[in-house]
Amino acid sequence: MSDLDFQGVGAFDPFADANAVDKSDAGTKDYVHVRIQQRNGRKSLTTVQGLKKEYNYNKILKDFKKEFCCNGTVVQDPELGQVIQLQGDQRKNVSQFLVQAGIVKKENIKIHGF
């Protein structure tokens, strides 16, 4: 039993693929990653990472909250920089919004999740 590699319930890291270095994906700096994190039960968080630093994250968050009728926050992560967190599964809404607003091109958005 001790020889098995066991990951506990809280050991899942949704940002593991962002930290992994993939040579076929050279230049991942220009991608915007939209992820979903499972909370408890049916609750989930949507995270948006990789927007350019020249954008005002708080204004984008304010537009997200108003457009999608959800709550959210901007979190400062030491490794990933600023990350926008939204309540609920907003992956499709966020990607459509970013493309329509002209912030990111459609081919530069990567949607992660189950």
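The model you are looking at is predicted, and local features are reported only at pLDDT of at least 70, side-chain atom pairs only at pLDDT 80 or more, while totals for chains, interfaces and linings use all residues. Residues are numbered from 1 along each chain as its sequence is written, and side-chain values use heavy atoms, with hydrogens and water left out.

Now for the wider view. The protein chain holds 3 helices and 5 strands, and along the sequence they follow the pattern α-β-β-α-β-β-α-β. These elements are DSSP runs numbered from the N terminus, with at least four residues (H or I) for a helix and at least two (E) for a strand. Of the 114 residues in the chain, 33% are buried; here buried means under 20% relative accessible area, exposed means over 50%, and partly exposed lies in between, with a 1.4 Å probe and protein chains only.

The 5 strands make an open sheet with mixed pairing, in the order E3-E4-E2-E1-E5. Strands E3 (72-77) and E5 (109-111) sit at the edges with a single partner strand each, so one side of each has no neighbour in the sheet. On average, neighbouring strands are turned by 25° against each other, direction ignored. Two strands count as paired if DSSP finds at least two bridges between them. E2 and E4 run antiparallel and are joined by 5 bridges, while E3 and E4 pair in the antiparallel sense over 6 bridges. E3 and E4 also form a hairpin, with 3 residues between them. Strand E1 (residues 32-38) and E5 run parallel, joined by 3 bridges, and histidine 33 has lysine 110 of E5 as its bridge partner.

Which strands does helix H2 lie across? H2 (residues 57-68) lies across E2 (44-49), E3 and E4 (81-87), and runs at about 10° to E4. Such angles run from 0 to 180 degrees between N-to-C directions, using axes fitted to C-alpha atoms, for helices over the stretch in contact. With 12 residues, H2 reaches 16 Å from its first C-alpha to its last, close to the 16 Å expected at 1.5 Å a residue; the expected span is 1.5 Å times one less than the number of residues.

After H2 comes cysteine 69, with a positive phi near 55°. Asparagine 71 then lies in the loop between H2 and E3, partly exposed with a relative accessible area of 40%. Asparagine 71 and leucine 86 are 15 residues apart in sequence, yet 5.9 Å apart in space, C-alpha to C-alpha. Setting aside neighbours within four places in sequence, asparagine 71 is in contact with Lys65, Gln85, Leu86 and Gln87.

Terms used: Contact means heavy atoms within 4.5 Å.
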